[in-house]
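Student: I have a structure open and would like to learn how to read it. Can we go through it feature by feature?

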Amino acid sequence: MTPFGARVRSLREAKGTTLTAMAEAIGVSAAYLSALEHGKRGRPSWYLVQRIIAYFGIIWDEAEELAKLAEISHPRIVIDTSGLSPQATELANLLARRIGLLADEEIADLLFVLKSKLPGR
């Protein structure tokens, strides 16, 4: 499941609506929405994210947060390390091979380190 998919599912459940009803309202198939929630589909388009935001009636910070989650929720990432250090390439390869072996708290620790290096934080 992607961060975006988890958030959409949480919003949908909080609203008490079915996957089928929501899919119909936003103009996608229930199968597509299910795949999006489960992280089996790629990043949703900007237009779809806007329809989901409108469907839930969310505004400002919550809408911005959902859009940001969509941006970081592509389930199949390609990392181009050409021009970077050998260590960067090693990190990308090790992470790709071993991410499924990491415990949730280890993933949280790595996310904390990586997010602390982002500009503006």
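Student: Are Trp46 and Tyr47 buried or exposed?

Tutor: This is a predicted model, so keep that in mind throughout. Trp46 and Tyr47 are both exposed.

Student: How many aromatic pairs are there?

Tutor: Ring pairs are judged by the distance between centres and the angle between planes. Here the count is two aromatic pairs. Take Trp46 and Tyr47. Their ring centres are 5.1 Å apart and their planes stand at 85 degrees, so this pair is edge-to-face. The other partners are Tyr55 and Phe56, also edge-to-face. Their centres are 5.1 Å apart, with 75 degrees between the planes.

Student: Why does Tyr55 count as buried?

Tutor: The cut-off for buried is under 20% relative accessible area. Tyr55 has 17% relative accessibility, so it counts as buried. Phe56 has 14% and is therefore buried too.

Student: What share of the protein chain do buried residues make up?

Tutor: Buried residues account for 26% of the 121 residues.

Student: Where should I look for a nonpolar core?

Tutor: Start with the general idea. In soluble globular proteins, nonpolar side chains tend to be buried together. In this model, the largest nonpolar core has 21 residues. Phe4, Met22, Ile26, Leu33, Ile52 and Leu66 touch the most other members. Five helices each supply at least two of the core residues: α1 (3–15), α2 (19–26), α3 (30–37), α4 (46–56) and α5 (60–71). The largest share, six residues, comes from α4.

Student: Which residues is Ile26 in contact with, leaving aside its neighbours within four places in sequence?

Tutor: The list is Leu33, Leu48, Arg51, Ile52 and Tyr55. Leu33 and Ile52 are also among the core residues that touch the most other members.

Student: Next, helices. How do I describe two that pack together?

Tutor: Two packed helices are described by the angle between their axes and the distance between the axes.

Student: Which residues make the contact?

Tutor: From α1 come Phe4, Gly5, Ala6, Val8, Arg9 and Arg12. From α3 come Leu33, Leu36 and Glu37. By type, the contact divides into five nonpolar residues, one polar and three charged.

Student: Let us step back to the whole chain. How many helices and strands are there?

Tutor: The protein chain has seven helices and zero strands. Along the sequence, the pattern reads α-α-α-α-α-α-α. The C-alpha trace spans about 50 × 30 × 30 Å along its principal axes.

Student: What percentage of contacts between residues at least 6 apart in sequence join residues at least 24 apart?

Tutor: In this chain, 61% of those contacts do.

Conventions: Residues are numbered from 1 along each chain as its sequence is written. This is a predicted model: local features need pLDDT of at least 70, side-chain atom pairs count only at pLDDT 80 or more; totals for chains, interfaces and linings use all residues. Side-chain values use heavy atoms; hydrogens and water are left out. A nonpolar core is a set of buried Ala, Val, Leu, Ile, Met, Phe, Trp, Tyr and Cys residues joined through side-chain atoms within 4.5 Å. Buried means under 20% relative accessible area, exposed over 50%, partly exposed in between (1.4 Å probe, protein chains only). Helices (H or I, at least four residues) and strands (E, at least two) are DSSP runs, numbered from the N terminus. Contact means heavy atoms within 4.5 Å. Ala, Val, Leu, Ile, Met, Phe, Trp, Tyr, Cys and Pro count as nonpolar, Asp, Glu, Lys and Arg as charged, and the others, Gly among them, as polar. Rings of Phe, Tyr and Trp (its six-membered ring) pair if their centres lie within 6.5 Å; planes under 30 degrees apart count as stacked, over 60 as edge-to-face and the rest as tilted.
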